[in-house]
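Please examine the sequence and the structure shown here. The paragraphs that follow lead through a few helices, a loop and a strand.

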Amino acid sequence: MKLRNGLQIFGNLPSELFSDFDVSASVDRSGCLWRLDACNMPMVEYVAQALSKALLTSRLTVLHLENTCLSGKPLFTLVGALKRNVALQELYLSENNLNGYQDSMQLGNLLKYNSPLKTLDLSNNNLSDSGLGEICDALSFQKTGLRTLILSNNHITHLGISHLQNVLPRLKMLEMLNPGKNNLENRGLHTLKESLTINRSLLQLGLASTGITCEGAVTLAEILAESPQIERLDVQQNQVLTGGLMALLLALKINRSLIRLRLDQHLKEEKEDFLVETQKTLLSRISDLCAANATAAKGMALRPASPDLADCAETTYPLPTQTAE
């Protein structure tokens, strides 16, 4: 264990070392302690109980518990304390084999009763569609609301994404959503389309490796054409070919908010050779338009607010309804 600038790290220590170490007393005595990193340490019962006791009165704002075998009773114990915690703002629970049954119910209870929490990382677990349903039901009870929700690699499909569709329009504070590395496919993105269009708080959307093709890219283009606030979008590791890139380029001629669009930079095989070269041109033009939006955003930030800017008319461009594979 070491303490430096308010950062306390237990990561990679065997849990046996805690038999003579009072976690609760240590956290309570460290008035400047704001971040606790206990990743890669099995959260056996007595460690979970000691940590939970400390969380009842601690001033921790950031808690890392990645890969700590939290599934089951340890999570139940931890959530019992966090429901009454009023300080914690960031909680990282990736790689804990959390399931879509009891574990997701506990996560739902956490979200229902803990209002200060702003960031929740649940990546690399096994929440599945049913677990996403529990989480989304709980999000509807939030009065202040999460700002960051990471759900990547949780065996979620296009069927489960309907839960997110229902709650997304009501999440007024959510700024970052990442359901990447799940098999959402084009159908899942189409399910989310209306909700993403209605939501006006989301700034970052992660859709890497979600089974999207050109059809899904067209749906994304339609969302971007109507979105006045999304700034960053990740569509890497998807099968977006020339037709999809063309749709995204057309959307960026309308969109003024997107400053970063992450796409695969390697050229993908097409049926016609000339389309491969076209991909290179499209990627370059997309990058240029994002850069122009970024420059314009910086300029706007330096100017005094003008009541006329919101009323400025913009040229519209039709989006393709079909793409060439």
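**Helix 3 and its surroundings**

Within helix 3, the residues Leu 75, Phe 76, Val 79 and Leu 82 meet Asp 103, Gln 106, Leu 107, Asn 109 and Leu 110 of helix 4; contact here means heavy atoms within 4.5 Å. Helices (H or I, at least four residues) and strands (E, at least two) are DSSP runs, numbered from the N terminus. The residues of this contact between helix 3 and helix 4 divide into six nonpolar, two polar and one charged. In that division, Ala, Val, Leu, Ile, Met, Phe, Trp, Tyr, Cys and Pro count as nonpolar, Asp, Glu, Lys and Arg as charged, and the others, Gly among them, as polar.

The model is predicted: local features need pLDDT of at least 70 and side-chain atom pairs count only at pLDDT 80 or more, while totals for chains, interfaces and linings use all residues. Residues are numbered from 1 along each chain as its sequence is written, and side-chain values use heavy atoms, with hydrogens and water left out.

The two helices pack at an angle of about 5°, and their axes lie 9 Å apart. Axes are lines fitted to C-alpha atoms, for helices over the stretch in contact, and angles run from 0 to 180 degrees between N-to-C directions.

How is helix 3 placed relative to the rest of the structure? Seven of the ten residues in helix 3 (residues 73-82) are buried, so the helix is largely enclosed by the rest of the structure. Buried means under 20% relative accessible area, exposed over 50%, and partly exposed in between (1.4 Å probe, protein chains only). The buried residues are Pro 74, Leu 75, Thr 77, Leu 78, Val 79, Ala 81 and Leu 82. They pack against helix 2 (45-55), strand 5 (90-92) and helix 4 (102-113).

Between strand 5 and helix 4 runs a loop that holds Ser 94. Ser 94 has a relative accessible area of 6% and is buried. Leaving aside residues up to four places away in sequence, Ser 94 touches Leu 65, Glu 66, Asn 67, Asp 121, Ser 123 and Asn 125.

Strand 6 (residues 119-121) contains Leu 120, which is buried at 0% relative accessibility. Leu 120 and Leu 93 are 27 residues apart in sequence, yet 7.6 Å apart in space, C-alpha to C-alpha.
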